[in-house]
Amino acid sequence: MTIQHPHVDWFALSPSLAILAAAGALLLVAVLVPQRARKTAAAAGAGAGFVAAFVLAIVLAAKSPDATTAIADSIFRDRWAAVAQVLIAGCGAVAVLLSWGERWRTEHVAEYYALLAAAGAGMAFFVQASNLMTLFLGLEWFSISLYVLCAIDIDLVGSLEAGLKYLIIGAVGSATLLFGSALVYGTTGELGFDKIGAAGHNHDSLLVLGLAMVIAGLAFKASAAPFHMWTPDAYTGAPTPVTAFMASATKVAALVVTYRLLVTAFPGEEHLWTWAIAGIACASLAVGNIAALAQRNVKRLLAYSSISHAGFMLIAVAAANALGARALVYYLIPYSAMSLGAFGVVAARERELGVPVTLDNLAGFGWERPFLGVSMWAFMLGFLGFPLTGGFVGKFYVFAAAYEHGWWWLIVVGVVATIVSAAYYLAVVRAMYFRESAELQLAPAGGSPPRDLLLASGVGACLVVTIGSFFAVQPLIDVAQSAANALPL
Amino acid sequence: MTSWLTTILIFLPVAAALVVWLVPMPRQWVGSLAALLSLVEVAVWIAAVERFDFTSGKLQLAQRHSWFGDLGVSYHVGQFGYSLWLVGLTAVCGAAACLYAWWVGRERPRAYFGLLLFLTGAVVGVFVAQDLLLFYAFFEAMLIPLYVLIGVWGGAGRMRATITFVVYTVAGSLLMLAAIVVYGLQQGTFDLTRMGTSGNDWLFLGFAIAFAVKAPLWPFHGWLPDAYRESPVEVSALLSGVISKVAAYGFLRIAIKQFPGPTHDFRVPILVLASIGLVYGSLLAFRAPDVRGVIAYSSLAQMGLITYGLFAANSLGSSGAVLQMVNHGLISTTLFLLAGMVERRAATGELALLGGMARGRPALATVLMTTGVIALAVPLSSNFAGEFLILAGVFQQAWGWAVIGAVAIVLAAMYMLRLISAVLHRQPGPAVTEAALDLRGAELGIVVPLVALLVALSAWPDAISGHSFGTSSKQTAAYAAPAERR
């Protein structure tokens, strides 16, 4: 008896392999490199891994004009996945920059970067998933890394709690996804997305149940309401660079996969899942925006804002048309930049004060640190969907997709949600500029604020993407278009 | 026919703002540099006037590039006659505001002047954008500097003022965004010059409410008193002088031109709101306890009058409305700057504490008197010409509107004369001391050109009213026709 080896398309796997290799190397760094050089070596290694993946994913996108599957049909090799990988790798690279100045314990620092890389590798693999097995594998791969990352800073109050909450609720999400996958497999007898789609099923109630559970499982990862309850605690408790990475890269991975899975595997149930996704989108918009109004802690506020943005992007998913796919890819570009950047600025203030950042102790920040202040201003306006930021064009495309689907009421929901969100996004600007820090009599911890060029350059990169995506819409939309062509729409 | 002139008009102030923000320079230079660059903007506008062909009512100085093609959105800018005048108003008032801020000396000058210049650029952008999404982008971009200008440099009540201002305007403009998305996708393009007209009432309302908030029209004026009172005085000047005209322009260029059917259907309700605003605003201005309150509420009334002219939907009304927009812009800017000068001398704007400032202060008295007299529309003034055209236009709709308008003009005389006498005449108020000097040379240098423009317009109002829609009567008729057709 011979075991048949599938042909392995190493190039198709190269982005995730590059980051994974970095993760493996960093584990060696943790034991081999002397302590004083460890942090530098670890950060450089993780950065190199992400940058390599970034480049490889661009090459992969360029060389995969036609969507194919690879390695015994277990992963996709197409632009939809490759573009998502570019985004994930970019988020990872910026997260490395943001992490540098964090006060890590030296004995954990290499493991931290190793886990960050492992999570990135998992996401890069996850977005390529083409059957239910690789889907689940990828999901668990990056989730487990993130659970540990949330809890890694044992000196941080709430970090352990964040990790535990994320672990338990994340495990429920994974279990739901797994159960759903089992039901789908049970009814169709197929694992591959396109084969499930081709199996042709006539409203088997088990299949519908399976679909519902798969959607719920993915919605946990995208932190969409009503599956969002872990988000505020995990985002607040986790070390801020980890939060930045979760808010950007995890969202990219979860939403991109959700869209692909739904349109590829369940075209026959489109009339069901579009409504389900629209419902989840409305719930996320409502919960995220209303809860954010009451927050004083900035990380928590941004956590709720990320829930509401999951809602906006799910509108694009619910539209289930080519315009929606384009809208989703486009939206993710400025969105991930704004999330990373905003949490990066929060991290800077946090390191300056040594306490959690609230709207009150943000006072005067804009005047003290002009560059970070202006960047934060741009990120908040971007979240709000103001012109001069890509957030505006993103919202515009999402609304256009909803309209093309014939759901103008989703536009109204989105518009009302945006009006509500103005209150808290502008509250951040107000806190930074309209009040003087003298009013609070806050003394920064340890004299003048530490200069952190790496963090500033990370935030700067995010600022460039946020504003640049407003002006360079056409090239980005072309990219999104060619990515969306890989989907059967 | 591509012309860079319009693009330069938009981006010169924006580039100036970037220079002020980014280029290292001594603090003292900032104000003078900003003022200089704002005057360059005026010069560029004069160059645009020279190249403009007023006989044609067509879009001129236009430039068009695709922005993102799949939805038909483009960078398309250009000017009609009336846009040219409004751009000029923006440039002149923006320069006056910069000069005044330089004279007064604001804290954190780099941020302040940068934002002021950025605001000027955004407003110019609104007046020249010929693509709906571009229009919206500039419309919203105005809010960014305004929010901070009021919030950081405003008076004691600035927090409340900014919140109300932002809530009102964001709510209005996002409704407009929804309308823009639907309208543009229906038409397959967002280019205003290529879009067909629409008969959809909801879309019309989406636009109309956004403009009604921005103008403001009664009952959407809740943000107005706080914002006008708490802003730095030159920002109030721009708000009431220029930014309220954005709304009137929006009615003219988008609501009326693209939605002839709904304009016809909603004419009476809108004229009713305008009448209420006209009378109510005038009465409030008559009762307002402070200088800025009088100007703020008179602005509400004047916007009602301008709306009258716009929704009269004939060439008389529209020409009068454009003339009145420029008039009111200049008057309001001048009055706000004068209010600031009075407040600096008396440390208050309360009318009860002022008075008797004419004695020993001839320059202040002359300038305030001249502006006030033009504002109350004495015959031969430019305001008189504008209001006459508007009333004549609205008379053709129904004589009742003209009666209300005429009554309001009487009310305007009442509140203006009350303002003049409360500041200049009577016994010197407790806040007015001998130490309060007459207007200085620099201050005169800012307000006298504005007043001179008003006097020049009084001599030749036809410069604007006859040069806004093309001088050949056919063009004017063609403009008014869509609304009259039904």
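B:Pro216 is found in the loop that runs between helix H8 (201-214) and helix H9 (224-230) of chain B, in a structure that is a predicted model. The peptide bond that joins B:Ala215 to B:Pro216 is cis, and its omega is about -10 degrees. In chain A, a cis peptide bond leads from A:Ala225 to A:Pro226, with omega near 0 degrees, and A:Pro226 lies in the loop between helix H8 (205-222) and helix H9 (231-237) of chain A.

Positive phi values were also found in residues other than glycine. For A:Ile71, which is not a glycine, phi is positive, near 50 degrees, and this residue lies in the loop between strand E1 (68-70) and strand E2 (75-77) of chain A. A:Ile71 has 17 other C-beta atoms within 10 Å and is therefore partly exposed.

The contact between the chains takes 24 residues from chain A and 25 residues from chain B. On the side of chain B that touches chain A, the elements giving two or more residues are strand E1 (60-68), helix H5 (132-141), helix H6 (143-153) and helix H7 (158-187) of chain B. H7(B) supplies the largest share of this side, namely 11 residues. When the side of chain B that touches chain A is divided by class, 21 residues are nonpolar, two are polar and two are charged.

Helix H17 (residues 408-433) of chain A packs with H6(B) at an angle of about 40 degrees, and the axes of these helices are 10 Å apart. The crossing of H17(A) and H6(B) is right-handed. From H17(A), the residues A:Leu426, A:Arg430 and A:Tyr433 meet B:Tyr147, B:Val148, B:Gly151 and B:Val152 of H6(B). By class, the residues in this contact of H17(A) with H6(B) comprise five nonpolar, one polar and one charged.

Note on methods:
Residues are numbered from 1 along each chain as its sequence is written. Chains are lettered from A and ligands numbered from 1 in the order in which they are written. This is a predicted model: local features need pLDDT of at least 70, side-chain atom pairs count only at pLDDT 80 or more; totals for chains, interfaces and linings use all residues. Two residues are in contact if their C-beta atoms, placed from the backbone, lie within 7 Å. Helices (H or I, at least four residues) and strands (E, at least two) are DSSP runs, numbered from the N terminus. Ala, Val, Leu, Ile, Met, Phe, Trp, Tyr, Cys and Pro count as nonpolar, Asp, Glu, Lys and Arg as charged, and the others, Gly among them, as polar. Axes are lines fitted to C-alpha atoms, for helices over the stretch in contact, and angles run from 0 to 180 degrees between N-to-C directions. A crossing is left-handed if the near helix is turned anticlockwise from the far one by less than a right angle, and right-handed if clockwise. A residue is buried if 20 or more other C-beta atoms lie within 10 Å of its own, exposed if 12 or fewer, and partly exposed in between; C-beta atoms are placed from the backbone.
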